[in-house]
Amino acid sequence: MPGLTPDEWTAVALSLRVASVGMLASLLPGLAVAWLLARRDFPGRALLDGLVHLPLILPPVVTGYLLLLAFGRKGILGGWLSEIGIVFAFRWTGAALACAVMGFPLMVRAMRLSIEAVDRGLEQAAASLGAPPLAVFLTVTLPLSLPGILAGAVLAFAKAMGEFGATITFVSNIPGETQTLPSAIYTLTQVPGGEGGALRLTLISVGLSMGALLASEWLARRVGRRLAA
């Protein structure tokens with residue numbers, strides 16, 4: 001099988017960039033929402049939980065269209081953001097935003113389950129010794145839930161690597177700007193003689209996603225062993 005063409009390398013690099021930025025940008029908000037759902041009972045909790053998981057059940061095209069309505073140049077937020085130089089529509093940053101939104105439910109769910117598994121007695125013991133809530137979280141909850149946090153981050157990254165529907169609806173399929181691996185594969189399947197390139201990119205996509213999942217499992221086990229020790 002011949003090597004990748006420059007356009008294919010560009011799609012691979014852009015996918016890694018978009019997936020990494022999307023995952024990192026959603027890490028702190030995801031952790032905050034996961035802790036809130038796991039440790040706090042408040043009015044509207046069920047509604048927040050539903051909104052977080054909505055991208056999992058909505059068609060990705062619908063999610064992409066909603067992002068376009070909100071963050072397009074004439075959108076609810078996009079018009080104001082464009083005035084200060086922040087543009088998402090039809091830019092790689094918009095692809096990262098779409099990937100972050102689509103991967104957010106997987107990230108939050110993994111983090112939430114990990115936080116819920118932390119013994120509340122340990123948190124209460126730390127609080128009884130005078131530790132403020134933030135210190136309890138940083139010294140007790142966060143270290144003990146770290147395997148789940150890592151798993152959630154990697155799951156969001158893997159989801160971002162395969163995101164297609166929301167991305168192509170929100171930022172289109174512009175080579176070198178928004179054409180990620182799935183978009184490039186779709187394009188190659190639509191042109192005569194593109195089967196070879198589509199197969200190469202498919203194999204790379206499978207390899208990257210599988211590598212991310214294996215790395216997540218390895219990191220979670222290693223951190224778990226350290227915590228147990």
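Student: Which numbers describe residues 198-220?

Tutor: That span is 100% helix and 0% strand, with its end C-alpha atoms 33 Å apart. Helices here are DSSP runs of H or I, at least four residues, and strands are runs of E, at least two, numbered from the N terminus. This is a predicted model, where local features need pLDDT of at least 70, side-chain atom pairs count only at pLDDT 80 or more, and totals for chains, interfaces and linings use all residues. Residues are numbered from 1 along each chain as its sequence is written, and side-chain values use heavy atoms, leaving out hydrogens and water.

Student: What does UniProt call 198-220?

Tutor: An unreviewed UniProt entry lists "transmembrane region" there, and also at other spans, including 50-72. Such annotations may be inferred rather than shown by experiment.

Student: OK, how far apart are the ends of 50-72?

Tutor: The end C-alpha atoms of 50-72 lie 24 Å apart, and the span is 87% helix and 0% strand.

Student: New topic: where's Thr63, and is it buried or exposed?

Tutor: Thr63 is in helix α3, residues 60-71. Thr63 is buried because its relative accessible area is 6%; buried means under 20%, exposed over 50%, and partly exposed in between, using a 1.4 Å probe and protein chains only.

Student: What does Thr63 touch?

Tutor: Leaving out residues up to four places away in sequence, Thr63 touches Pro55, Leu58, Val101, Met102 and Ala166. Contact means heavy atoms within 4.5 Å.

Student: And Leu51, buried or exposed?

Tutor: Leu51 is exposed, with a relative accessible area of 52%. Leu51 sits in helix α2, residues 45-57.
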